Amino acid sequence: MPEDTVTGAVNLNLIDDFPGNTIFLKIEGHHKSTLKKSIQDIKTKEEYPMRYKIPIYTADDVEIKAGQYQFPFSFKLPANLIPSADTGFIPSEDVTYMAFTNVKYEIEAELHSNYAGT
């Protein structure tokens, strides 16, 4: 829900040393709406109303040593957040139209390397 606090942890298991020192949490929201009058008449609109990249860990060294790690995180959702949804047919007053919508949010962790191109 909008303005809720999301908490969790990124669990990382490195077999080898990693040539980087920053871990980011990437948070993205995606909204796609489609309005159909017929197979030939399709209008689609895609938006990314939420796109953030938050650093959750920065090492003092230039690499993260091999090992197991846990990085807790916490952030507040924006007030204007659209609720998650995945719907098929949405009835309308004009039954010749069909509307479909898909709203989803994803969170993933990214490790950033100190080497160009990696």
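**Contacts, rings and core**

Guide: Let's start with glutamate 110. Leaving out residues up to four places away in sequence, glutamate 110 touches Thr22, Ile23, Phe24, Lys26 and Lys53. Keep in mind that this is a predicted model.

Visitor: Where is glutamate 110 found?

Guide: In strand β6.

Visitor: Is glutamate 110 buried or exposed?

Guide: Buried. Its relative accessible area is 19%, and the cut-off for buried is under 20%.

Visitor: Which side chains make polar contacts with the side chain of glutamate 110?

Guide: Lysine 53 is one, at 3.0 Å. Histidine 112 is another, with a side-chain polar contact of 3.1 Å.

Visitor: And what ring does the charged end of lysine 53 sit over?

Guide: The ring of phenylalanine 24. The charged end of lysine 53 is 5.5 Å from the centre of that ring. Phe24 is also among the residues that glutamate 110 touches.

Visitor: OK, glutamate 106 next. Where's its place?

Guide: Strand β6, which spans residues 98–113. Glutamate 106 is partly exposed, with a relative accessible area of 39%.

Visitor: What does glutamate 106 touch?

Guide: Lys26, Ile27 and Glu28, with residues up to four places away in sequence left out.

Visitor: How many residues apart along the chain are glutamate 106 and isoleucine 27?

Guide: 79. Their C-alpha atoms are separated by 5.8 Å.

Visitor: Switching to asparagine 21. Which strand?

Guide: Strand β2. Asparagine 21 counts as buried because its relative accessible area is 19%, and the limit is under 20%.

Visitor: What side chain does asparagine 21 join in a polar contact?

Guide: That of threonine 22, at 3.1 Å.

Visitor: Now rings. How many aromatic pairs?

Guide: The count comes to three. Take tyrosine 57 and phenylalanine 71: centres 4.7 Å apart, planes at 45°, so the pair is tilted.

Visitor: Which strands do those two lie in?

Guide: Tyrosine 57 is in β3 and phenylalanine 71 is in β4, so the pair ties together parts 14 residues apart in sequence.

Visitor: Tyrosine 57 and phenylalanine 71: buried or exposed?

Guide: Tyrosine 57 counts as partly exposed, at 30% relative accessibility. Phenylalanine 71 counts as buried, at 6%.

Visitor: How are the rings of tyrosine 69 and phenylalanine 71 arranged?

Guide: Their centres are 5.9 Å apart and their planes are at 15°, so this pair is stacked. Tyrosine 69 is partly exposed, with a relative accessible area of 27%.

Visitor: And which residues form the aromatic cluster?

Guide: Tyr57, Tyr69 and Phe71 form one cluster.

Visitor: What about the largest nonpolar core? How many residues?

Guide: 15 residues. Val10, Ile23, Leu25, Ile56, Phe71, Phe73 and Phe75 touch the most other members. At least two residues of this core come from each of β1 (5–14), β2 (20–36), β3 (42–58) and β4 (67–76).

Visitor: Pick phenylalanine 73. What does it touch?

Guide: Val6, Thr7, Gly8, Ala9, Val10, Leu25 and Ile56, again leaving out residues up to four places away in sequence. Val10, Leu25 and Ile56 are also among the core members listed above.

Visitor: Zoom out. How many helices and strands?

Guide: Zero helices and six strands. Along the sequence the pattern reads β-β-β-β-β-β.

Visitor: What share of the contacts joins residues at least 24 apart?

Guide: 74%, among contacts between residues at least 6 apart in sequence.

Visitor: And burial and surface? What do buried residues make up, and what does the accessible surface come to?

Guide: Buried residues make up 25% of the 118 residues. The accessible surface comes to about 8300 Å², and 53% of that belongs to carbon and sulfur atoms.

Technical notes:
Residues numbered from 1 in each chain as written. Predicted model: local features only at pLDDT ≥ 70, side-chain atom pairs only at ≥ 80, totals over all residues. Heavy atoms only, no water. Core = buried A, V, L, I, M, F, W, Y, C linked by side-chain atoms within 4.5 Å. Buried < 20%, exposed > 50% of the residue type's maximum accessible area, 1.4 Å probe, protein only. Helix = DSSP H or I, 4+ residues; strand = E, 2+ residues; numbered from the N terminus. Contact = heavy atoms within 4.5 Å. Polar contact = N/O pair within 3.5 Å; in protein donor to acceptor, adjacent residues only side chain to side chain. Areas by Shrake-Rupley, 256 points an atom, 1.4 Å probe, with all protein chains shown as cover. Phe/Tyr/Trp six-rings, centres within 6.5 Å; stacked < 30°, edge-to-face > 60°. Lys NZ or Arg CZ within 6 Å of the ring centre and 35° of its normal.
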